[in-house]
Amino acid sequence: MRNLCIILILTLAPAVLTAADFNAGMAAYERQDYSTAGREFSALAANGDPYAQYMLGRLHAQGHGVTQDYVEAHRWYNLAAARGHGHAAQARDTLAQRMSRAQIADAQRRAEQWQPGAAVATTDTQAMSSREVNGAIQSGLNELGYDAGPADGVMGGRTRAAIRDYQKDHAVRVDGQPSTSLLQHITGTLQTAATATETSGDTAWRKLVLHDRFGDGDYTRDPAWTVTAGQFAVAAGKGLRTVHVPRKPPPETRREDLPMAILGAILEQATGTASKAETDAPDFAEIHVDGAITNAFLMRLVLTMNEPATAPLAFGPYQGGDRVSGYRLVYTPDIDRGLHLVRLSASGSSVIESADADFVLNRQYAVRWSRNPSGEMIVSLDDKELLRVTDRSFSDAFSGFTLINRGGDYTLREIRIHGTY
């Protein structure tokens with residue numbers, strides 16, 4: 001009997017210890033000591049405990065004790081659901097509604113790569129001094145294409161701005177502050193990008209080729225924009241504003257004729273085929289910036305519409321000094337309130353794909369437009385995918401970016417374009 005009791009004690013001891021650790025984590029969580037809770041849950045989650053994995057997912061989803069990170073939260077929920085946790089699948093699916101398709105794919109990839117016993121937080125990171133952590137963050141951000149400045153470990157406005165940009169792009173709570181958890185997230189992003197490149201053969205968008213927030217109040221330098229027509233001004237703390245009131249209302253256009261009407265308006269401007277009166281005083285506003293943009297790119301814009309628009313807004317990469325060839329993403333506020341992906345070239349032009357979309361007054365919108373080396377383009381508005389289409393008409397690099405306002409009041413708050421090596 002004594003031997004049986006010893007066997008039972010030895011058999012049950014790990015479960016008792018696990019329960020004690022989990023209870024300690026829950027106790028810390030309930031008293032809002034999230035750092036302690038995270039340490040307790042991390043040790044258990046690393047060994048495959050679904051309840052600890054679920055709680056670790058909650059911490060990441062809420063940003064308690066760690067940097068808020070939907071990708072990591074989704075991963076831990078996914079792992080917990082696979083091990084039978086009753087609420088993890090619902091929590092994962094609810095969270096997924098707030099994530100982009102790319103973020104969900106990243107989370108699924110991390111869950112597939114996870115192995116029991118893998119440390120959640122590395123001891124190397126925990127042992128680093130704050131300056132070493134800062135320097136590693138700067139180095140990682142620079143490698144990912146965020147301009148964090150020299151990797152000297154000294155925090156300044158440039159590094160904090162890069163951190164905020166990274167946090168925005170990866171659905172992490174935006175505070176602009178360095179931390180070991182942020183470094184771990186950046187390290188994970190670098191590893192995921194490297195793994196994706198190896199497994200898919202795609203080239204990552206890792207090279208920052210253009211970035212402007214217009215914070216210096218001058219659009220003519222760093223980088224230098226050129227106004228072709230109309231009026232542009234930098235509003236302090238808000239971005240580049242363009243206002244254009246058309247001299248004449250747009251012609252009546254049936255919905256089915258809209259694609260050709262869009263092309264006609266853009267080509268008229270691009271090729272200079274407007275009437276002499278219109279050429280002398282163009283009925284549009286245009287600004288562009290020259291700069292090599294690789295054929296595959298990742299473009300992010302933050303836009304606000306300040307007053308109701310009456311005619312299309314178009315922007316995109318161009319080839320050649322005359323800016324006739326390239327792609328334009330066109331927003332049409334009249335008729336159908338849609339987004340249209342347009343291809344312009346000497347051999348022929350067409351609307352490639354269209355989707356319903358509408359800009360509401362005084363609301364900030366994040367536009368994400370990617371093109372991979374295979375020619376597949378994806379356009380998202382506030383992380384909601386609107387367009388996905390493949391077009392291989394252009395194989396060379398682009399020469400710059402242009403924005404054309406034919407009738408509206410818009411503010412371009414920020415533009416960031418990444419290219420390939």
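Which residues in H3 meet which residues in H4? From H3 come Pro 50, Gln 53, Tyr 54, Leu 56, Gly 57, Arg 58, His 60 and Ala 61. From H4 come Tyr 70, Glu 72, Ala 73, Trp 76, Tyr 77, Leu 79 and Ala 80. By class, this contact of H3 with H4 divides into ten nonpolar, three polar and two charged residues. The model is a predicted one.

## Overall make-up

The protein has twelve helices and 15 strands. It has 421 residues, and 49% of them count as buried. Take the contacts between residues at least 6 apart in sequence: 64% of these join residues at least 24 apart.

## Helix packing

Two packed helices are described by the angle between their axes and the distance between the axes.

| Helix pair | Axis distance | Angle |
|---|---|---|
| H3 (residues 50–62) and H4 | 8 Å | about 160 degrees |
| H4 (residues 70–82) and H6 (residues 101–113) | within 8 Å | roughly 50 degrees |
| H8 (residues 130–143) and H9 (residues 157–169) | within 11 Å | roughly 60 degrees |

Start with H3 and H4. They pack at about 160 degrees. Angles over 145 degrees count as roughly antiparallel, so H3 is roughly antiparallel to H4. H3 passes H4 in a left-handed crossing.

H4 also packs on H6. Their axes cross at roughly 50 degrees, which makes H4 oblique to H6. This crossing is right-handed. H4 brings Val 71, Glu 72, His 74, Arg 75, Asn 78 and Leu 79 to the contact. H6 brings Gln 103, Ile 104, Asp 106, Ala 107, Gln 108, Arg 110 and Ala 111. By class, the contact of H4 with H6 has five nonpolar, four polar and four charged residues.

H8 and H9 form another pair. Their axes cross at roughly 60 degrees, which makes H8 oblique to H9. H8 passes H9 in a left-handed crossing. Ile 137, Gln 138 and Leu 141 of H8 make the contact with Thr 159, Ala 162, Ile 163 and Tyr 166 of H9. By class, this contact of H8 with H9 has five nonpolar, two polar and no charged residues.

## His 74

Is His 74 buried or exposed? Buried counts as under 20% relative accessible area. His 74 has 3% relative accessibility, so it counts as buried. This residue lies in helix H4. His 74 is then in contact with Arg 92, Leu 95, Ala 96, Met 99, Ile 104, Ala 107 and Gln 108.

## Strand pairing

Which strands form the open sheet, and in what order? Seven strands form it, in the order S2-S5-S14-S7-S8-S9-S10, with antiparallel pairing. Strand S2 (225–229) and strand S10 (350–356) are the edges, and each pairs on one side only. From one strand to the next, the twist averages 20 degrees.

Within this sheet, strand S5 (residues 285–293) pairs with strand S14 (residues 398–405). Seven bridges join them in the antiparallel sense.

Other strands pair too. Strand S3 (residues 231–235) and strand S4 (residues 239–244) run antiparallel, joined by five bridges. S4 is also joined to strand S15 (residues 408–419) by five bridges, again antiparallel. Val 243 links the two pairings. It is the bridge partner of Gln 231, and its own partner in S15 is Asp 409.

## Asp 290

Asp 290 sits in strand S5. Its bridge partner in S14 is Gly 400. Asp 290 has 58% relative accessibility, so it counts as exposed. The cut-off for exposed is over 50%.

What is Asp 290 in contact with, leaving aside its neighbours within four places in sequence? Its contacts are Tyr 318, Ser 399 and Gly 400. Gly 320 lies 30 residues from Asp 290 in sequence. In space, the two are 9.7 Å apart, C-alpha to C-alpha.

Key
Residues are numbered from 1 along each chain as its sequence is written. This is a predicted model: local features need pLDDT of at least 70, side-chain atom pairs count only at pLDDT 80 or more; totals for chains, interfaces and linings use all residues. Side-chain values use heavy atoms; hydrogens and water are left out. Two strands pair if DSSP finds at least two bridges between them. Helices (H or I, at least four residues) and strands (E, at least two) are DSSP runs, numbered from the N terminus. Axes are lines fitted to C-alpha atoms, for helices over the stretch in contact, and angles run from 0 to 180 degrees between N-to-C directions. Angles under 35 degrees count as roughly parallel, over 145 as roughly antiparallel, 65 to 115 as roughly perpendicular and the rest as oblique. A crossing is left-handed if the near helix is turned anticlockwise from the far one by less than a right angle, and right-handed if clockwise. Contact means heavy atoms within 4.5 Å. Ala, Val, Leu, Ile, Met, Phe, Trp, Tyr, Cys and Pro count as nonpolar, Asp, Glu, Lys and Arg as charged, and the others, Gly among them, as polar. Buried means under 20% relative accessible area, exposed over 50%, partly exposed in between (1.4 Å probe, protein chains only).
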